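Please look over the model shown here before reading on. The text then walks through two parts of it.

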Amino acid sequence: MHDTGTGSTGNTAGPSRRTVLTATAGLTTALTMGSTAHAVAHDDSRLRGLISRMELEEKVGQLFVMRVYGHSATDPDQADVDANLREIGVRTAAELIARYRVGGIIYFTWTHNTRDPHQIADLSNGIQKASLGRPRGLPVLIATDQEHGIVCRVGKPATLFPGAMAIGAGGSRADARTLGRISGAELRAIGINQDYSPDADVNVNPANPVIGVRSFGADPDAVAELVDAEVKGYQAARVAATAKHFPGHGDTAVDSHYGFPVITHSRELWEKLDAVPFRAAIGAGIDSIMTAHIQFPALDGSGDPATLSHPIVTGILRGELGYDGVVITDSLGMAGVRTKYGDDRVPVLALKAGVDQLLDPPSLEIAWNAVLKAVGDGELTEARLDESILRILRLKARLGLFEEPCVSGAGVDRTVGTPEHLAAADRIAERTTTLLVNEDRLLPLSPRTHTRLLVVGADPASPSGTTGPPTGVLAAALTELGFTATALSTGTTPSAAAIAKAVTAAQDADAVVVGTYNVTAGSSQTTLVERLLATGRPVVAVAVRNPYDVAQLPPVRAFLAAYSWTDVELRAAARVIAGRVRPRGHLPVPVQRADDPAQVLYPIGYGLSY
């Protein structure tokens with residue numbers, strides 16, 4: 001499924017195997033990768049030898065995983081050069097590596113790293129060449145957040161799968177493992193070797209603004225099963241999986257990107273709920289675990305975020321759970337880790353807590369120099385840095401990066417977005433769509449009785465920048481299935497004019513499909529649905545993010561949960577509406593009454609079919 005060639009994928013020539021082995025001081029086949037991420041034991045003595053020859057500045061650099069703007073390692077667009085100079089003080093990824101010797105780089109859509117598969121492969125090869133060309137050069141861990149669903153950095157033509165809560169609705173370990181295996185193979189083919197997925201949080205708070213459908217669900221045992229399966233899928237494809245966000249971010253109403261959440265679970269509840277999927281990930285041989293910028297008083301009463309907590313990272317994760325793999329912070333630019341301490345203290349305190357990789361600090365210059373100064377002042381020892389670097393190098397060795405850091409254009413063509421992969425994603429999606437309401441057996445709709453369909457609703461931006469808009473995708477899919485479907489975007493907060501336009505358009509339709517997105521009390525999306533119901537036309541609601549929308553809406557004759565607004569999930573919902581496949585998903589979270597959360601409208605496991 002993956003390609004291990006060292007040839008160029010275009011303009012960027014990758015270093016040969018001979019170059020890599022020379023640059024890494026003759027590491028032998030003791031570091032060679034087998035068919036899985038843990039198939040061959042690493043040789044610590046050789047890795048320690050590499051560390052002993054590193055200068056202190058190189059050691060500090062190995063601890064950082066940094067963003068960098070641009071589609072190319074050496075020749076980015078001028079706007080990206082300007083952004084790099086402004087934020088990092090370098091022009092290119094190659095200059096970033098030369099100055100700071102970073103051990104990892106993270107790709108984002110907004111940093112213009114992920115235009116298309118061949119470009120990504122060229123960028124990855126350019127990064128590896130830049131690092132391996134330095135004295136005592138080492139391969140780079142190239143990472144991204146490819147969770148699928150609503151968090152996805154690599155878009156079409158790569159294969160895009162349903163997100164975690166949709167997989168939870170499907171409830172299939174085999175599907176979770178297939179997702180990891182195929183996604184991992186495609187990431188590896190374009191030079192990405194570490195994925196910040198799966199999300200191991202147990203989402204028990206419907207108001208959670210940052211996790212929600214990124215979680216497999218609210219049942220810790222079910223979440224654990226799917227985490228275990230997805231980890232094994234990714235790591236079978238030689239991509240490091242990353243369970244996040246330890247010790248558990250599933251019960252918060254605050255987004256740690258913008259605030260400092262506090263988890264009020266008792267230690268006993270943490271053991272029974274939040275810890276369960278992380279134990280499963282560790283049991284599955286997870287390569288890395290990401291910390292959360294949350295306060296968890298039952299685990300550490302200091303008021304520090306978990307990322308900076310020695311009791312949580314070293315005491316619980318390493319000590320009690322027995323984990324000795326790589327621990328990485330969530331982004332150090334997030335408010336949750338910057339509330340209590342300054343940017344010069346955060347990386348030092350994270351290392352003192354027991355973290356290995358420092359992800360994307362707002363100022364690399366400040367963070368890098370702070371760690372260097374802490375060693376000079378004796379607050380951190382060089383031996384402490386060596387512990388983390390050894391874990392990082394073990395991971396690079398297990399992934400086979402010392403032997404084969406680069407990828408080939410042929411491997412991209414052979415692996416990324418193949419018909420077989422795309423068909424697998426469609427089959428998995430069909431098992432996730434969840435039918436919660438079907439009054440008078442309105443569904444499935446037939447083109448003979450409901451020929452003309454109006455598709456209205458929210459059109460949130462594509463997670464990867466390559467899909468959507470949702471109303472258009474639904475309308476096109478329904479048209480392909482024999483209906484005459486028209487799309488009309490009304491937005492996440494429909495105006496009075498937009499609602500009036502939708503009502504007028506509904507007069508010419510035999511039924512209306514409305515896509516809802518995170519409906520809250522008082523939302524004008526509710527008004528839209530009320531006005532559409534008043535036309536007398538049958539209304540089918542499709543929640544394109546949270547299934548909790550059903551509790552906020554007026555009674556519709558049919559309600560489906562798609563769990564995300566990406567194309568693969570919307571096409572599956574269209575096939576369910578048309579009766580081409582029957583709905584097979586079951587709620588992985590409970591849905592409570594909006595006016596009385598103590599009352600459950602639809603329990604975990606609920607789902608209709610036909």
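The model is predicted: local features need pLDDT of at least 70 and side-chain atom pairs pLDDT 80 or more, while totals for chains, interfaces and linings use all residues. Residues are numbered from 1 along each chain as its sequence is written, and side-chain values use heavy atoms, leaving out hydrogens and water.

An open sheet of 6 strands has the order β11-β16-β15-β14-β12-β13, with mixed pairing. Strands here are DSSP E runs of at least two residues and helices are H or I runs of at least four, numbered from the N terminus; two strands pair if DSSP finds at least two bridges between them. At the edges lie β11 (434–438) and β13 (484–489), each pairing on one side only. Neighbouring strands are turned by 20° against each other on average, direction ignored (axes are lines fitted to C-alpha atoms, for helices over the stretch in contact, and angles between N-to-C directions run from 0 to 180 degrees).

Strands β14 (511–516) and β15 (539–543) run parallel and are joined by 5 bridges. Threonine 516 has alanine 543 in β15 as its bridge partner. Helix α20 (496–506) packs on the sheet, touching β12 (452–457), β13 and β14 (contact: heavy atoms within 4.5 Å), and its direction makes about 170° with that of β12. Helix α21 (524–534) also packs on the sheet and touches β12, β14 and β15; its direction makes about 170° with that of β14.

Aspartate 255 lies in the loop between β7 (242–246) and α10 (267–272). Leaving aside neighbours within four places in sequence, aspartate 255 is in contact with Pro209, Val210 and Pro261.
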